[in-house]
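Thanks for coming. I will take the strands to begin with, then the disulfide and the core, and end with a few loop residues. Please have the structure open while I talk.

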Amino acid sequence: QLQASGGGLVQPGGSLRLSCAASGRTFFYDMGWFRQAPRKEREFVAAINRSGGSTYSADSVKGRFTISRDNAKNTVTLQMNSLKAEDTAVYYCAARGWALSLTNPQYTYWGQGTQVTVSS
C-alpha cells in the first residue's frame, strides 16, 4: 500500500513537499510521481530508481521539482518549488517491483492521491 500526503493550497511561487509512504510490501525498484488535473489525462512527473542515483523528470517540472527516496523509511518524496497554477492537480505516487527505464510510465502499485492547488 502506498499512502501519499503533503498536498494543500499554496500561492504561486510557493513550495510544497509531498511524501509517499509504503506499507505492507515495502521493497520496490522504481518509484514515481504522476499527476492528473481536472479534465486532463494523468501525466508523468518524476521517477527515481531504487538506489536513488538516477532520476528522471518531465520537462514541465525540471529545475523546480526534485524526487528523492529513503529506502530505510520506505518513503519517496517530491519537493516542489516555484509552483505555478498549472501544477494544480491530484498527485499520485507509484511503484513497481522491477527495474525499467525511468522513462517507462508503467507502474503496478498506486497510492490514493493528494490534492495540490496553486492559487492566489
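Start with S7 and S8, which pair in the antiparallel sense over six bridges. Two strands count as paired if DSSP finds at least two bridges between them. The labels also come from DSSP: strands are runs of E of at least two residues, helices are runs of H or I of at least four, and both are numbered from the N terminus. Within this pair, Ser68 stands opposite Thr77 in S8.

Before I go on, the sources. This is a predicted model, in which local features need pLDDT of at least 70 and side-chain atom pairs count only at pLDDT 80 or more, while totals for chains, interfaces and linings use all residues. Residues are numbered from 1 along each chain as its sequence is written, and side-chain values use heavy atoms, with hydrogens and water left out.

Back to the sheet. S7 and S8 belong to an open sheet of four strands, in the order S1-S3-S8-S7, with antiparallel pairing. Which strands are at the edges? They are S1 and S7, and each pairs on one side only. From one strand to the next, the twist averages 15 degrees. Angles like this run from 0 to 180 degrees between N-to-C directions, with axes taken as lines fitted to C-alpha atoms, for helices over the stretch in contact.

Next, the disulfide. In general, a disulfide is a covalent bond between the sulfur atoms of two cysteines. The search used a distance rule, a pair of cysteine sulfur atoms within 2.5 Å. Searching the whole structure finds one. Cys20 is joined to Cys93, with an S to S distance of 2.1 Å. The two cysteines are 73 residues apart and link distant parts of the chain, Cys20 being in strand S3 (residues 16–22) and Cys93 in strand S9 (residues 89–95). The torsion about the S-S bond is about 55 degrees, so this disulfide is right-handed.

Are these cysteines buried or exposed? Buried means under 20% relative accessible area, exposed means over 50%, and partly exposed is in between, using a 1.4 Å probe and protein chains only. Cys20 has 1% relative accessibility and so counts as buried; Cys93 has 0% and is buried too.

Now the core. A nonpolar core here is a set of buried Ala, Val, Leu, Ile, Met, Phe, Trp, Tyr and Cys residues joined through side-chain atoms within 4.5 Å. The largest one has 34 residues, and those touching the most other members are Leu2, Trp33, Val45, Phe65, Leu78, Met80 and Tyr91. Take Leu78: setting aside neighbours within four places in sequence, its contacts (heavy atoms within 4.5 Å) include Trp33, Val45, Phe65 and Tyr91.

Last, the loops. Arg64 lies in the loop between strand S6 (55–57) and S7. At a relative accessible area of 10%, Arg64 is buried. Its side chain makes a polar contact with the side chain of Asp87, at 2.7 Å. A polar contact is a pair of N or O atoms within 3.5 Å; within protein, one must be able to donate a hydrogen and the other to accept it, and residues adjacent in sequence count only if both atoms are side-chain atoms.

Arg39 is in the loop between S4 and S5. Arg39 is not a glycine, yet has a positive phi of about 65 degrees. With 83% relative accessibility, Arg39 counts as exposed.
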